[in-house]
Amino acid sequence: MMPLPTKVKIVEVGPRDGLQNEKEALGADVKIELVERLARAGFVNVEAAAFVSPKWVPQMATSAEVLARIERRPGTIYSALVPNMQGFEAALAGKADEVVVFGAASEAFSQKNINCSIAESIARFEPVARAAKEHGLRLRGSISTAFGCPYQGAVSLDAVGDVVARMRDLGCDEIDIADTIGVATARQTQAVMLRAAQEFPMGQLAGHFHDTYGQALANIYAALEVGVAIFHSSVAGLGGCPYAKGATGNVATEDVLYLMQGLGIETGVDLDQVVDAGLFISAQLGRKSISRAGNALAAKRAD
């Protein structure tokens, strides 16, 4: 194994990937405060919006307002998920710094999720990719079900490699490898990341892990061992996938930061401020945070 990275980038996905999977649709004011709290905590990349159909994802209906009203922190990338050119135009108008396109490593998931093949789904994003480059926006590709699929089960390493290559050819600046249903284990994580790195630089690959089986932190550590230095997490453990049966929340940001702190790996993010943001959004949702580290640190303060 190679030495662990000395610094990692944490992409905070709670305001988008997290909140879009909550039953309750929160108002723009709450989302704006959450995004601003997270940016102040030091995240250099916050996934803030999704320009998708409000019929299918009502929780993201206020995305334009959120991007229009947030107080921008210099040096922070504010990302928006876009399914098509209409979504791209909305992201451009909202001054998003990065647009996120997506595809699956599983054919069955692609058909169930967006009713087309993997190849067709990636080809649909070619106009979006060209437009992003023309307008100087960062382009990020997100690959779901890279470690397993709720419909077809196992997903081969070569299937992941194929989608990574397609995303690379679109011109993606960064590619996320996502464990949508949280079934990955440590050695599998390393195998998938190493296969992806045959198609795209390891330094531009991100690990996106869900904690369904309690393996997310173990998988993050395993990914660190093979050189991954970008990870996604969601404040208070918000989120999942509405199109993947049994998918629980993303790994909690507080837990990831606590791990990195213990390993002496720099993140540039203030853990205490993230704990506060987690308590804030959990209170708005009327429930306790899912983050064990966040809850433990909050309890310690109260002693």
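Modeller: Happy to. Let's start with Gln 190, which is found in helix α9 (residues 186-196); helices here are DSSP runs of H or I with at least four residues, strands are runs of E with at least two, and both are numbered from the N terminus. This is a predicted model, in which local features need pLDDT of at least 70, side-chain atom pairs count only at pLDDT 80 or more, and totals for chains, interfaces and linings use all residues. Residues are numbered from 1 along each chain as its sequence is written, and side-chain values use heavy atoms, with hydrogens and water left out.

Colleague: Is Gln 190 buried or exposed?

Modeller: Buried means under 20% relative accessible area, exposed means over 50%, and partly exposed lies in between, using a 1.4 Å probe and protein chains only. Gln 190 has a relative accessible area of 5%, so the residue counts as buried.

Colleague: Which side chain does the side chain of Gln 190 join in a polar contact?

Modeller: A polar contact is a pair of N or O atoms within 3.5 Å; within protein, one must be able to donate a hydrogen and the other to accept it, and residues adjacent in sequence count only if both atoms are side-chain atoms. Contact in general means heavy atoms within 4.5 Å, and Gln 190 touches Met 1, Ala 222, Glu 225 and Val 226, not counting residues up to four places away in sequence. The polar contact, at 2.9 Å, is with the side chain of Glu 225.

Colleague: What covers the buried residues of α9?

Modeller: Those buried residues are Thr 189, Gln 190, Val 192, Met 193, Arg 195 and Ala 196. Their cover includes α8, β6 (174-179), β7 and α10 (216-225).

Colleague: Which residues does Val 160 contact, leaving aside neighbours within four places in sequence?

Modeller: Val 160 is found in helix α8. Its relative accessible area is 1%, so Val 160 is buried. Its contacts are Ala 105, Ala 146, Val 155 and Val 192.

Colleague: Why is the pair of Phe 147 and Phe 209 called tilted?

Modeller: A search of the whole structure finds three aromatic pairs. Rings of Phe, Tyr and Trp (its six-membered ring) pair if their centres lie within 6.5 Å; planes under 30 degrees apart count as stacked, over 60 as edge-to-face and the rest as tilted. For Phe 147 and Phe 209 the centres are 5.7 Å apart and the planes meet at 50°, so the pair is tilted.

Colleague: How many residues apart are Phe 147 and Phe 209?

Modeller: Phe 147 is in the loop between β5 (138-144) and α8 (157-170), while Phe 209 is in strand β7 (residues 205-209). Phe 147 is buried at 3% relative accessible area, and Phe 209 is buried at 1%. The pair links distant parts of the chain, 62 residues apart.

Colleague: What is the phi of Thr 145 near?

Modeller: Thr 145 has its place in the loop between β5 and α8. This residue is buried, with a relative accessible area of 0%. Its phi is positive, in a residue other than glycine, and near 45°.

Colleague: And what is the phi of Ala 236 near?

Modeller: Ala 236 is found in the loop between β8 (230-233) and α11, and is buried with a relative accessible area of 2%. Its phi is also a positive value in a residue other than glycine, near 65°.
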